[in-house]
Amino acid sequence: MSIIRIALYGGNSEFLFLLRIFDIFNIDKKFKKRDRAMSEKSVIPIDQVLPVKLPIVALVGRPIFPGIFTPIMIGNPLDVKVVEDALAGDGYIGLVLFKQEVDAATISSLYKFGTVAKIVKKINLPEGGLNIFISTIKRFKIKKTLNDSTPMVAAVVYIDDEEENSGEVKALTRAIISEMKLISENNPMFSEEMRLNMINIDHPGKIADFIASILNIEKTAQQNILEIPNVRKRLEQVFVFIKKEQEVLRIQKKIQFEINQKVEKNQREYFLKEEMKAIKKELGLAVDIKESEANRLKEKFNTFNFDGEIKEVIDQELEKFSMMETNSSEFTVTRNYLDWIASLPWLDPPPEHFDLKKASAILEADHYGLTDVKNRIVEYLAVRKLRKDNRGTIICLAGPPGVGKTSVGKSIAHSLGKEFFRFSVGGMRDEAEIKGHRRTYIGAMPGKILQGLKVCKVKDPVFMIDEIDKMGASFQGDPASALLEVLDPEQNVNFRDHYLDLPFDISHIFFIVTANTLDTIPVPLIDRMEIIELPGYIDTEKLEIARNYLLPKSLEKNGLQKKQVRYTKESLLHIANGYSREAGVRNFEKNLDKIHRKIAKVIVEETEEKSHNASDKRKETNKVFEIGKIEIEKHLGKPVFPEGVYKKADRPGMSVGLAWTNMGGDTLVIEATSMPGKEGFTLTGKMGDIMKESAAIAMSYSRKLGTERFGLPSEWFEKNHIHLHIPEGATPKDGPSAGITMAVALLSLFSKKQIAPNLAMTGELSLTGQVLPIGGLKEKTVAAQRNKSKHIIIPRQNLRDLDDIPDNVKKGIEFHPVERFEEVLQIALPQ
């Protein structure tokens, strides 16, 4: 491709350099000799010696205007040949700008207007190519293409300036020169020689060409100016670009001024700070912030006696910290990191000293009932004291909401005399909450484990991790997997938080985790914990809990005194049975709060009404509110669970089963009915897949026993449609423990007999009639106790679970262990 790259052209300082090169080669002397020789002869106009046929050289950068002396570099061998041929002839070439760069230059790819130039000097370059000095003479327009490709040759027509000797042209010329003086004064790129040249040029057209060649404008704009023959229009166009250049210079000057102001302000602040340092040093005052922080951190680190990896990392961070400027962002990041290291309890804790009797007394004082739970905790503490080792202690308290899991954890910390820290992981989906963020992130911080240690300021606190069964997983990681390292005694000796990235021993922490159910906890996590289950409370237990714990707490919370409100035993039992039959006591407490708020309102209103009478005030203060059933229903409304209304099977086709839920144990009534029609079996009540399979097995086995034991003809099933339903259809139900309950309901329907009164049952049924074991017997027994059931049918393999049920829960209930379904029928549907 024919390309001419213009070296030393297009900038103002380069033009001065060009003039000096011209002097070096003494080209001006040759011109003077030739001019003297020509003056002696007749003077010939330049137009008469310019050739009408020109070899064309393509320009890439920008066009070259007439009246310019400049060097250009030619590297393409084809263009070198064109120059050599021109020098062998008259030395004239045509310079035309590309419209767009193409691989193979043709005349059609060039603009129509260009500049004829005389080659003055040629210099061969060592690496090949030429460096030529040219003097541009006049505009031309390509009239005809003689050779379209390299070497390109064209017939041209020379363009004369269309001059106007008007005042407008003179005014434009003076205005342009005046504006350019302002630009040159504010732009160091304009040399003194260029200013002189601009003033000494007396032809308006040449002034326009000269200024257009040195302005920093687009090449297309320069080409447009080159193609304007009218001097006035050319001057107007140049004047527009001068104004644009002035606007750019104005903005540039404004930006430079603002930057200089900021730099000067920063430099002034820096010098003032340095002077302040020197003054403080002379007066013996405190050193600067960075030095004081570094000294404070070093003193803190020296108390820990670090060694190995930790000491090496801290020394590196301190050295980096001492070399940073206080106003840099890295300074704050490094200081925060060192502060975190300094704030953690690195020293080993002292030996534990706690009294087992005192610990047992604290548990008894803080909680009513839960005898089995208390015994297991005391046994755990005894082993901890006997081993004189506080490592590897992880307890999981599992039970329905409101049974006191969190308060048990606080009591353990109280009995051990340790700091207590609690955080919840319910809904947590980011493992960084456990193990911290990496320091590459802005706003990074350690995880909850190190945050808790910083708050407690000791290495062996009691940590309670709530709602461990409600963790999730996402693209940000799995918090349950992160807890595996935290709760593993073999790994947490060298626990590494992502933020700290240093080994820290967390094995001294007494971990207590809580959960409502164990089903959603990963098995590897369960293996690392000692499971202690907290069953729900029966009404008599709720009565004692209310008397000893809930009532004093609620009265104090609502601004009442103990002597102002008096409850009877029947009223508290009425709240337990009529308004809060759930496993825990949270709703019981809410109902007490509701009653006490209404009493507080009455007291305040009556006091304000009689505030003018001192005797009335005194009388009002001594008033006692007696709370009975009538007052309870007045404050709480009608009972949610009416008195005497319990789940029972009072007609054929019904049975009562026991179920386990996240909220504790519950009772389920199974209903079965038949109707004449096409043979079929329908299930309703929002059953899960496991319960649907149990229903299918129960139906098959009941159909067999219906014909064999109760004499039901097989044709009866062909002529009747059977429907099995579990009420409370909006509540999902699932699990393998309702098989015998559904089978009893179906056989009660087939035999048209009602099952034995006050009877509940739980157990899974096999296709051969075996009664299979179930789980959650303790919670189910509590539910049966709340439902006033007197008899419970259980699988014989669950007899061992009866030892785990407190005696007060089993009181008044007769358990019937069975192995075969025939035994169930003898109890539920005796002949």
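Which residue stands opposite Val462 in strand β10?

A: The residue opposite Val462 in β10 is Phe420. Before this pairing is followed further, some remarks on the model are needed. It is a predicted model, in which local features need pLDDT of at least 70 and side-chain atom pairs count only at pLDDT 80 or more, while totals for chains, interfaces and linings use all residues. Residues are numbered from 1 along each chain as its sequence is written, and side-chain values use heavy atoms, with hydrogens and water left out.

Strands here are DSSP runs (E, at least two residues), as are helices (H or I, at least four), and both are numbered from the N terminus. Two strands are said to pair if DSSP finds at least two bridges between them.

Strand β10 covers residues 462–466. One of its partners is strand β9 (residues 420–424), and five bridges join the two in the parallel sense. Another partner is strand β13 (residues 510–515), which runs parallel to β10 and is linked to it by four bridges.

The next point is how far β10 is covered. A residue is buried when its relative accessible area is under 20%, exposed when it is over 50%, and partly exposed in between (1.4 Å probe, protein chains only). By this rule, five of the five residues of β10 are buried. In a regular strand the side chains alternate between the two faces of the sheet. In β10, Val462, Met464 and Asp466 point one way and Phe463 and Ile465 the other, and all are buried.

Strand β8 (residues 394–398) pairs with β13 in the parallel sense over five bridges. There, Cys396 stands opposite Val513 of β13.

Taken together, β10 pairs in parallel with β9 and runs parallel to β13, while β13 pairs in turn with β8.
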